[in-house]
Amino acid sequence: MKNKKIWIGIGVVLLIGVMVTLAVLKNKGDVITAKTTKLSPDTMSETIMASGTLASDKQQTVYLEPERGSVKKIEVKAGDKVKKGDPLVKYENPALAAERKQAELGLERVKVQRSNLYAALEEAKKQTEEEAALSGATGQSTDQIERELKLVNVEVKQMEDSLQQVKNQQAKLAVTSEQAGVVVSVHSIASAANTASPLVVVADLEKLKVEAQISELEAIKVKEKQRATIQSDALPGEEWGGTVTLVGLTPESKSAVGEGSSQVEYPVEIKLDEPVPAKLGSRLIVEIATTEKEVNTLPETAVLQRDEKQVVFVVKGQSAIEKQIEIGLAQEGKIEIIDGVGTDEQVIIEPPEDLKSGTEVKSP
């Protein structure tokens with residue numbers, strides 16, 4: 001029995017020795033090879049993201065106007081190129097045609113009347129009062145004829161004005177293009193009448209813009225002449241530059257964000273530097289660069305997320321030490337470090353996810 005206890009004691013001692021040995025070996029192997037860097041000064045811009053729509057900077061929209069008359073013909077089709085003054089839509093109005101005919105006849109009548117009065121006036125001027133008395137003439141006097149001429153001239157002017165008004169109305173029966181461009185959409189007469197859609201839309205595809213909406217807080221930061229970057233989900237990897245040309249002074253709409261609440265949105269327009277190979281109305285992603293500032297940065301790969309906080313590992317002596325940091329802007333693979341790291345500290349660029357303070361670090 002005594003020997004048995006001795007052997008048990010020896011076994012426990014050996015087990016403890018093995019565990020200690022394994023722990024020592026493990027600690028000796030707890031070494032990582034890592035590259036380090038220091039805080040690097042850089043210029044960063046705060047950016048605002050928004051969803052936008054591609055539109056033409058110059059666009060003419062022609063709606064159905066029943067007061068002009070009935071549409072006789074739509075002169076263009078989608079895809080047509082037009083010049084300024086080219087016909088787009090032609091109306092017809094029989095009532096205007098009848099009104100014009102009546103005005104023309106009325107004007108002709110008073111002009112004939114005026115012509116007769118001028119002839120009578122010339123005849124009256126040839127006769128003196130004495131000749132008229134000797135001959136017993138009973139014709140109209142020059143004064144009376146001149147009074148009648150004044151009245152007729154007024155009537156002629158009225159008739160000419162009436163006729164011109166009718167002509168002006170008839171001229172509106174032909175709707176012409178106000179600019180050079182491309183016909184981007186044409187709707188049928190029935191569709192335009194039932195849905196309030198435009199009959200014809202002409203757009204200048206060489207001058208494009210992006211129309212977007214931003215929040216009330218963002219509208220305070222966004223200013224005209226700020227630069228913007230535009231991207232499209234349909235064209236991954238491509239981007240285009242632009243400049244903010246308009247920030248609305250009043251809200252354009254409200255988007256519901258929850259029961260009993262709404263978010264005020266302001267319109268923003270960005271003029272594109274070059275044409276975008278996308279259809280008008282396409283959805284685009286807009287990134288507007290607002291305030292620029294000088295900041296200290298680290299590569300994004302140096303920052304780990306742990307327990308809802310951001311940390312980095314700095315090297316002190318030959319050990320990795322975890323430090324909590326405060327971050328700011330992120331841009332092009334770099335991240336702003338507001339607090340937590342000194343400018344002279346060596347920071348591990350790509351720390352392992354399971355790295356712990358105290359781990360030995362050696363250079364590659």
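Strands β9 (residues 181-186) and β10 (residues 200-203) run antiparallel to each other and pair over four bridges. Here helices (H or I, at least four residues) and strands (E, at least two) are DSSP runs, numbered from the N terminus, and two strands pair if DSSP finds at least two bridges between them. To find your way along this pair, look for S185, which stands opposite V201 in β10. Before going on, note that this is a predicted model, where local features need pLDDT of at least 70 and side-chain atom pairs count only at pLDDT 80 or more, while totals for chains, interfaces and linings use all residues. Residues are numbered from 1 along each chain as its sequence is written, and side-chain values use heavy atoms, with hydrogens and water left out.

Now widen the view. β9 and β10 belong to an open sheet of four strands, in the order β4-β10-β9-β6, with antiparallel pairing. At the edges stand β4 (59-62) and β6 (81-82), each with a single partner strand, so one side of each has no neighbour in the sheet. As a reminder, strands of a sheet pair through backbone hydrogen bonds, either parallel or antiparallel.

There is also an open sheet of three strands, ordered β5-β7-β8 and again with antiparallel pairing. Its edge strands are β5 (70-74) and β8 (174-176), each of which pairs on one side only. On average, neighbouring strands here are turned by 25° against each other, direction ignored; axes are lines fitted to C-alpha atoms, for helices over the stretch in contact, and angles run from 0 to 180 degrees between N-to-C directions. β7 (residues 87-92) pairs with β8 over three bridges, and V89 stands opposite V175 in β8. With β5, β7 pairs over four bridges, and K73 faces K90 in β7 as its opposite number.

Those two lysines turn up again in the charge pairing: K73, E75 and K90 are linked in a network of salt bridges. A salt bridge here is a side-chain nitrogen of Lys or Arg within 4 Å of a carboxyl oxygen of Asp or Glu, and the structure holds 16 of them. One of these joins K77 and D80, at 3.3 Å from N to O. K77 counts as exposed because its relative accessibility is 55%; the cut-offs are under 20% relative accessible area for buried, over 50% for exposed and partly exposed in between, with a 1.4 Å probe and protein chains only.

How far apart are R100 and E104 in helix α2? They are four residues apart in α2 (residues 94-126), which means about one helical turn separates them.

In one of them, β17 (residues 304-306) and β18 (residues 309-316) pair in the antiparallel sense over three bridges, and Q305 has Q310 in β18 as its bridge partner. Two residues lie between these strands, and D307 takes a positive phi near 50°. β18 also pairs with β19, antiparallel and over seven bridges, with V314 opposite I321 in β19. This hairpin likewise has two residues between its strands, and G317 in the turn has a positive phi of about 65°.

On a 1 Å grid over the protein atoms alone, a cavity is a set of points where a 1.4 Å probe fits but cannot get out, and a pocket is an open set with protein on both sides within 12 Å along at least five of seven lines; lining residues have an atom within 4 Å of a point. The second largest pocket has a volume of about 270 Å³, a volume being the space filled by probe spheres set on the points, with grid points joined across faces, edges and corners. It has 13 lining residues, and the closest to its centre are T47, T229, E287, Q331 and E332. Elements giving two or more residues to this lining include β3 (40-56), β13 (239-247), β16 (283-299) and β19 (319-331), but β12 gives the most, with four. By class, the lining has three nonpolar, six polar and four charged residues; Ala, Val, Leu, Ile, Met, Phe, Trp, Tyr, Cys and Pro count as nonpolar, Asp, Glu, Lys and Arg as charged, and the others, Gly among them, as polar.
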